[in-house]
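Please open the structure in your viewer and keep the selection tool at hand. The tour below goes from stop to stop, saying what to select and what is there.

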Amino acid sequence: MKILIVGAGLYGSVCAYELSKAKHSCLVIDKRNHIGGNVYTQYHQEADCHEHVYGAHIFHTNSKKIWDYINQFANFNHYVNRVKVINNGQLFSFPINLFTLYQVFGVATPQAAKDVLEKELIPNLKPANMEEYCHAAIGPTLYRLFIEGYTEKQWGRHPREMPADVIKRLPVRMTFDDNYFIDQYQGIPIGGYTVIIEKMLSDSKVELEIDFFLQKDRYLNQFDHIIYTGPIDIFFDSQYGPLEYRSLRFEKELLSMNDFQGNAVVNYTHRDIPWTRILEHKHFDLSLKANKTLITREYPAQWKPGDIEYNPVNDVKNNEVYKKYRELADKLAPKIHFGGRLGEYRYYDMHQVIGSALVYCDRFLAKTQ
């Protein structure tokens, strides 16, 4: 079967690998000038590390199946994401753990931490917004230090204007565990993510800097099946209006020093600092040999059509619009499949993208073989 895959990101690449392995003929196209989508990494010679071009990507999962799957394409290092936070010049451990509580309140035991938090919390069984939820979950002090300014920058709205369920789980650990993720498997591929995508696409034809919509009718007629991983609203000419996203702007700088911040990720949570975090890429590779270092400041940005879509704004209004596009998409099945972060208008971690793509490929192959 002749299959067109629109998008050379992680979802499209997994599909290309699985379907070409099953002897289907796959053409993968992408509008960018490189493969990999937002997981694209490139080697930076002077800093001797791999740059995470579109922001930090740390692979983590509790699924041994997914971990084994991704490890067939690359060996992973033992990187653990231990984020630090700077607010008004003060440095804190994050996510909130016993050491954070020691830094903020001076408590050094779990019981002392529980006692001080109990006095901080503002009970609220039905919080009306994100701020009220945080006051009830962690108290005003921790909320102001870690959540308020960061959220305002990240989403362009004050937490009082955001629904309470935006922060579904806000961990407060009564131990000194500062691992950002609780998943069993975690790491970053040695050699970067691009090499993984290259291997996934090795048996497919790949064409870059191709706009699917300039030849949409020809593609629809030429291929037996299409896997579309772009924005679902764009496919339907945004007839119900554009789905909204938050975008990002990256400002990178090569510094003449061995180590700038001592950590891969440092969040800046005060609203007066325009960036939300600084990445230092050599720490992702666990290699501090070079005498220069590459950093990236990450700035949240208001999204407009034509910008790169990063985080979907899954509020009530946008989700209702998405349902309308989903109904149109369902009418095109099984000829056209909409998948991935943009095709399904949802936030996906990398392991979830892989899992979703594998489920789809299994179903597709069961029907076609």
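Select His60 and show what surrounds it: leaving aside its neighbours within four places in sequence, His60 is in contact (heavy atoms within 4.5 Å) with Phe181, Asp183, Tyr185, Gln186, Asp349 and His351. Before going on, note that this is a predicted model, in which local features need pLDDT of at least 70 and side-chain atom pairs count only at pLDDT 80 or more, while totals for chains, interfaces and linings use all residues. Residues are numbered from 1 along each chain as its sequence is written, and side-chain values use heavy atoms, with hydrogens and water left out.

His60 has its place in strand β5, residues 59-61; helices (H or I, at least four residues) and strands (E, at least two) are DSSP runs, numbered from the N terminus. With a relative accessibility of 7%, His60 counts as buried, a word used here for under 20% relative accessible area, with exposed meaning over 50% and partly exposed in between (1.4 Å probe, protein chains only). Then pick Gln186, which is 126 residues away from His60 along the chain, although the C-alpha atoms of the two are separated by 4.3 Å.

Next, go to the peptide bond from Phe94 to Pro95, which is cis, with omega near 5°. Pro95 is found in the loop between β7 and α3, and from there the chain can be followed into the helix.

Select α3, residues 98-105, where the buried residues are Leu98, Thr100 and Leu101. Where around the helix do they lie? They are on the same side of α3, because they cover an arc of only 155° around the axis, the arc being that of the directions from the helix axis to the C-beta atoms. These buried residues pack against β7 (90-93), α4 (110-120) and α6 (140-155). At the start of α3, look for a side-chain oxygen of Asn97, which reaches to within 2.8 Å of the backbone nitrogen of Phe99. After the helix comes Gly106, whose phi is positive, near 80°.

Two packed helices are described by the angle between their axes and the distance between the axes. Here α3 and α4 pack at an angle of about 60°, with their axes 10 Å apart, where axes are lines fitted to C-alpha atoms, for helices over the stretch in contact, and angles run from 0 to 180 degrees between N-to-C directions. That makes α3 oblique to α4, since angles under 35 degrees count as roughly parallel, over 145 as roughly antiparallel, 65 to 115 as roughly perpendicular and the rest as oblique. To see the contact itself, show Leu98, Leu101 and Phe105 of α3 together with Pro110, Ala113, Val116, Leu117 and Glu120 of α4.

For the next stop, select Arg277, whose place is in strand β13, residues 277-280. Is Arg277 buried or exposed? Its relative accessibility is 19%, so Arg277 counts as buried. Not counting residues up to four places away in sequence, Arg277 touches several residues, including Ala56, Tyr150, Asn267 and Glu298.

Asn311 is buried, with a relative accessible area of 17%, and among its contacts beyond four places in sequence are Gln154, Trp155, Arg246 and Tyr347.

End in a loop, the one between α1 (10-21) and β2 (25-30), where Lys23 has its place. Phi of Lys23 is near 75°, a positive value in a residue other than glycine, and at 74% relative accessibility Lys23 counts as exposed.

Key
Polar contact = N/O pair within 3.5 Å; in protein donor to acceptor, adjacent residues only side chain to side chain.
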